[in-house]
Amino acid sequence: MTTTQETTQIPVRLDFDSFAPGFSRAMSHLDQAATKELDKAEIDPGLRELIRIRASQLNGCAYCIDMHTKDARAIGETEQRIYGLAAWAETPYFTARERAALAFTEAVTRLADTHVPDQAYSDVAGEFSPHEIGALVSLIVAINAWNAIAVTTRAWVPGSYQP
């Protein structure tokens, strides 16, 4: 039995890169600055992608989920960990360090609701140095900004990203 799968086209609302090119370039610079901080702090590239994916899941950013799951696979992240990321707290797949970073990512991403509780900060501080925390904040702020642009404008089509 053959089944056909229909897909839904999600229309672009605004070609953000065309109508806000200066800001789009600034976002690219912000992302590069965050990456430099992550490099200086020697934050594992796999953890970087897990953070990007988790924030994008929370924000419902289809394009960023697509992009960062592809990037994670390209650097050796397992399918099991990527699939389990939405329920990371309920799975045995993540280290204490990764769990602290993911909990911190959720607290910062849900800032309006959580105000980043002391427990989330102390948990991340128990696993990461102040320099590393600064790099994590840089990454989380950058991915949340990208998510806000992508979800609002739908400027980039999920599935179109090629690593």
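## Exercise 1: The second largest pocket

**Task.** For this predicted model, state the volume of the second largest pocket and determine which helix gives the largest share of its lining.

**Solution.** 
1. The volume of the second largest pocket is about 160 Å³.
2. Its lining consists of S28, D31, R52, Y63, C64, M67, H68, I143, W146 and W156.
3. Helix 2 (21–40), helix 4 and helix 9 are the elements that contribute two or more residues.
4. Helix 4 provides the largest share, namely four residues.
5. Sorted by class, six lining residues are nonpolar, two are polar and two are charged.

## Exercise 2: The largest pocket

**Task.** Describe the volume of the largest pocket and the classes of residue in its lining.

**Solution.** 
1. A volume of about 280 Å³ is found for the largest pocket.
2. Its lining has 13 residues, of which I10, A62, R154, W156 and P158 are the closest to the centre.
3. At least two lining residues come from each of helix 4 (62–74) and helix 9 (130–153).
4. The lining comprises nine nonpolar residues, three polar residues and one charged residue.

## Exercise 3: The nonpolar cores

**Task.** Identify the residues with the most contacts inside the largest nonpolar core, and the helix that gives the most to this core.

**Solution.** 
1. The largest nonpolar core contains 15 residues, and I43, L47, I51, F104, V124, F128 and L136 have the most contacts inside it.
2. Helix 3 (45–59), helix 6 (96–109) and helix 9 each contribute at least two residues to this core.
3. With five residues, helix 9 gives the most.
4. Apart from this core lies another, of 14 residues, including M27, A55, A150 and W156.
5. For I51, once neighbours within four places in sequence are set aside, the contacts are A101, L102, T105, L136, L139 and I140.

## Exercise 4: Helix 6

**Task.** Why is helix 6 described as largely enclosed by the rest of the structure?

**Solution.** 
1. Helix 6 has 14 residues and spans 20 Å from its first C-alpha to its last, close to the expected 20 Å.
2. A residue is buried when its relative accessible area is under 20%.
3. The buried residues of helix 6 are E98, A100, A101, L102, F104, T105, E106, A107, V108 and T109.
4. Because 10 of its 14 residues are buried, helix 6 is largely enclosed by the rest of the structure.
5. These buried residues pack against helix 3, helix 5 (79–84), helix 7 (111–114), helix 8 (118–127) and helix 9.

Methods. Residues are numbered from 1 along each chain as its sequence is written. This is a predicted model: local features need pLDDT of at least 70, side-chain atom pairs count only at pLDDT 80 or more; totals for chains, interfaces and linings use all residues. Side-chain values use heavy atoms; hydrogens and water are left out. On a 1 Å grid over the protein atoms alone, a cavity is a set of points where a 1.4 Å probe fits but cannot get out, and a pocket is an open set with protein on both sides within 12 Å along at least five of seven lines; lining residues have an atom within 4 Å of a point. Grid points are joined across faces, edges and corners, and a volume is the space filled by probe spheres set on the points. Ala, Val, Leu, Ile, Met, Phe, Trp, Tyr, Cys and Pro count as nonpolar, Asp, Glu, Lys and Arg as charged, and the others, Gly among them, as polar. A nonpolar core is a set of buried Ala, Val, Leu, Ile, Met, Phe, Trp, Tyr and Cys residues joined through side-chain atoms within 4.5 Å. Buried means under 20% relative accessible area, exposed over 50%, partly exposed in between (1.4 Å probe, protein chains only). Contact means heavy atoms within 4.5 Å. The expected span of a helix is 1.5 Å times one less than its number of residues.
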